[in-house]
Structure formats: C-alpha cells, structure tokens
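Please walk me through this model in a viewer, one selection at a time. I would like to know what to pick next and what is there.

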Amino acid sequence: EAETRAAAHAARNALIAAREVLQQARAALRQVVAERDRLHRLADAADRAMREADELDRMVREFVEFDRYVADRVGPLLAETTERLLAQVTDGKYDRVRFDENYGIEVYDGDEAFDLTSFSGGERDVVSLCARLAMSELVGSAAMRPPRFLVLDEVFGSLDSERRAQLLGTLGSLASGGHFEQVFIISHVEDVQQSHVMDEAWTIEERDGVSQVRRPVQALAEAD
C-alpha cells in the first residue's frame, strides 16, 4: 500500500511537471507562430517595397530621359533668348551663354566660358535675371493662354545705376513688344521708381498700423 501511494504521488508529480512542460511548449509554439507570421509580413512588405523600388527606378530613368529631351530641346532656345536680353542689358559685353544639363549657367567672356560663380555679385544678378526673363518669355509664348504680366520683386538692389537703366529699358521693350502687356516692379530704389519707363508709381504707406496704397492721382488730388 505504501509503495502504491508513493507511486501515485510520483505519478501526480510527473503529471504536474508534464503539464508545466506542455504549457511552456504551447507558449513557445505561440511565439514561433507569431514570429512566423511576422516574418511572412516582412517578406510581403519587402516584396512590395522591391516592386515599388523597381517602379520608382523606372520612373527616375524615364524622368532623366525626359529631362535630357527637354534640355536638348529648350536649352538652345533658352540660351538664345537669354543672350539677346543679356546683350541689351550689358551693351554687348556679354552676349553668349550656355546652359548645362542641370540648367547651370556658363557665360562666355571672349571665347572662354566661365561658371556664373566666377562673376561679381551684380553681374550674377544680371545674368540670372535675364535667364528668368527668358524662361518667362519662352513659357509665355508656348502656353495656349500665355500670361500677359510679369512681376519682379526687388531685382535692382545690387545693380549700379547704368545697369538699372539698361534693364529698365529692356523691360520696357518687353512690355511694348507684346510678350507682356503689364510689368509690375516692386522696388525701394528711387531712380527705379522715377524711371520714365513706369506708367505709374504706386507707394505703400502705413498709417495707424494699416498699410494703404497711394496712387499718383491720389497724391495730386491731396496736393491740390
């Protein structure tokens, strides 16, 4: 009887230990299943990412080819228009430019081309402005409904008086030549405000914390 009781006790202990082992095995199984599911999700995400990367790579190649096409097609026209404007502004001192594939500007001084950073600040501003005007002119001429106005904000500050006068004359030619019917110039430079190229010169005044627009007609009326 004692042996039987001891055997039963040992059997119960073995059953308890077996149950604990079973619980541990089930917990390990759940972890393995969760890890398997996580790996499956990662594998699916990796496949999607690979497909997206392949698609993006194809798009990049297409855009690069398109960019080269546009550069080859537009670059010479942009350079030609920039050269015309630049020659007017600089009295023919600079009349030849080149755009690289990233639209960086090189300016010829004689027979040698120099990067735009090689020039003084005022000269860089003149070339950059002429390039922007040329781009506006090209875009305007190509559009079905081309923009008929041009807005320039503080583009004269770094130029000397002679360059400012030349550039204003160029802008007047653009306005009268049909590319732009109106040119709006925002400037604090006095000789720009008083230039004969301007049809009107509006001023912004602040009174009691409120900005007000004063037109020449209003100024004359107040003077009377």
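Which residue forms a salt bridge with Glu 106? Select Glu 106 and Arg 98: the two form a salt bridge, and their closest N and O atoms are 2.3 Å apart. Keep in mind throughout that this is a predicted model.

Side chains of opposite charge can pair when their charged atoms come close. For another of these bridges, select Arg 58 and Glu 55, whose side chains meet at 2.6 Å, N to O. Both residues lie in helix α1, three residues apart, which is about one turn of the helix. Arg 58 is partly exposed, with a relative accessible area of 37%, and Glu 55 is also partly exposed, with a value of 37%.

Next, move to Arg 68 and Glu 65. Here the salt bridge has its closest N and O atoms 3.3 Å apart. This pair, too, lies in helix α1 with a spacing of three residues, about one turn. Arg 68 is partly exposed at 44% relative accessible area, and Glu 65 is partly exposed at 46%.

**Two further stops on helix α1**

Select Thr 82, which is found in helix α1. Is Thr 82 buried or exposed? Its relative accessible area is 0%, so Thr 82 counts as buried, under the 20% cut-off. Show the neighbours of Thr 82 next: leaving aside residues up to four places away in sequence, Thr 82 touches Val 97, Phe 99, Cys 130, Ala 131 and Ala 134.

Then select Gln 88, in the helix that spans residues 2-89, α1. Gln 88 is partly exposed, with a relative accessible area of 35%. With residues up to four places away in sequence not counted, Gln 88 touches Gln 166 and Thr 170.

**The aromatic rings**

How many aromatic pairs does a search of the whole structure find? The search finds two. Select Tyr 94 and Phe 119 for one of them: this pair is edge-to-face, at 5.5 Å centre to centre and with 90 degrees between the planes. The pair links distant parts of the chain, 25 residues apart. Tyr 94 is in the loop between α1 and β1 (97-99), and Phe 119 is in the loop between β3 (112-115) and α2 (121-142). Tyr 94 counts as buried, at 5% relative accessibility, and Phe 119 is buried with a relative accessible area of 10%.

Phe 114 is partly exposed, at 28% relative accessibility. With Tyr 94, Phe 114 and Phe 119 shown together, the ring pairs link the three residues into a cluster.

**A charge over a ring**

Arg 96 lies over the face of Tyr 108, at 3.7 Å from the ring centre.

Conventions. Residues are numbered from 1 along each chain as its sequence is written. This is a predicted model: local features need pLDDT of at least 70, side-chain atom pairs count only at pLDDT 80 or more; totals for chains, interfaces and linings use all residues. Side-chain values use heavy atoms; hydrogens and water are left out. Helices (H or I, at least four residues) and strands (E, at least two) are DSSP runs, numbered from the N terminus. Buried means under 20% relative accessible area, exposed over 50%, partly exposed in between (1.4 Å probe, protein chains only). Contact means heavy atoms within 4.5 Å. A salt bridge is a side-chain nitrogen of Lys or Arg within 4 Å of a carboxyl oxygen of Asp or Glu. Rings of Phe, Tyr and Trp (its six-membered ring) pair if their centres lie within 6.5 Å; planes under 30 degrees apart count as stacked, over 60 as edge-to-face and the rest as tilted. A charge sits over a ring if NZ of Lys or CZ of Arg is within 6 Å of the ring centre and within 35 degrees of the ring normal.
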